[in-house]
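Q: Please take a close look at the strands and at how they pair. Then place that part within the chain.

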Amino acid sequence: MSKYPAKRAQRALREVETAAVEVMRPADSFFRFRYSQTEISAVGGKARVKSRQTRLEDGKLTTETFEGDVDRTVYDRMVGDAQRYFLNQAALFAKSLWWLLPSPRNPRPDRD
């Protein structure tokens with residue numbers, strides 16, 4: 001601790017009228033957003049699903065959450081589908097870059 005602690009002057013609290021603060025709705029709701037998150041985890045024979053969604057529309061902020069358990073086969077099928085989708089997208093991307101690769105050369109016959 002400091003040898004000379006800082007001292008602050010104490011001020012009296014002032015009262016605020018609750019009716020003095022008015023919340024106004026936006027005249028034009030040009031700004032909107034949505035945010036969603038889904039988490040799926042598997043332990044043993046069950047898979048746990050947690051989902052959360054937040055959105056701002058028409059000046060109203062709404063949040064929804066969901067939690068539940070599903071059978072492990074559902075989880076395995078979702079993971080398999082996601083892996084197939086990722087590999088298909090990666091293959092499509094790789095095919096779009098084929099023209100950057102050097103063209104195959106025709107081997108020359110050896111001349112003696």
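A: Two strands pair if DSSP finds at least two bridges between them. Strands (E, at least two residues) and helices (H or I, at least four) are DSSP runs, numbered from the N terminus. This is a predicted model: local features need pLDDT of at least 70, side-chain atom pairs count only at pLDDT 80 or more, and totals for chains, interfaces and linings use all residues. Residues are numbered from 1 along each chain as its sequence is written, and side-chain values use heavy atoms, with hydrogens and water left out.

The protein chain holds three strands and one helix. Their order from the N terminus is β-β-β-α.

Start with S1 (33-43). S1 runs antiparallel to strand S2 (residues 46-57), and eleven bridges join them. Ala-42 faces Ala-47 in S2. The S1–S2 hairpin has two residues between its strands, and Gly-44 there takes a positive phi near 65°.

Next comes the pairing of S2 with strand S3 (residues 60-71). These two are also antiparallel, joined by twelve bridges. Lys-50 stands opposite Glu-67 in S3. Two residues again lie between the strands of this hairpin, where Asp-58 in the turn has a positive phi of about 55°.

Phe-66 belongs to strand S3. Its C-alpha atom is separated by 5.0 Å from that of Ser-51, 15 residues away along the chain. Leaving out residues up to four places away in sequence, Phe-66 touches Val-49, Lys-50 and Ser-51. Contact here means heavy atoms within 4.5 Å. Phe-66 counts as partly exposed because its relative accessibility is 49%. The classes are buried under 20% relative accessible area, exposed over 50% and partly exposed in between (1.4 Å probe, protein chains only).

Phe-30 sits in the segment before strand S1. Phe-30 counts as exposed because its relative accessibility is 71%.

Now the chain as a whole. Buried residues make up 7% of its 112 residues. Of the contacts with a separation of 6 or more, 29% are between residues 24 or more positions apart. The chain exposes about 11700 Å², with 55% supplied by carbon and sulfur atoms. Accessible areas come from the Shrake-Rupley method with a 1.4 Å probe.
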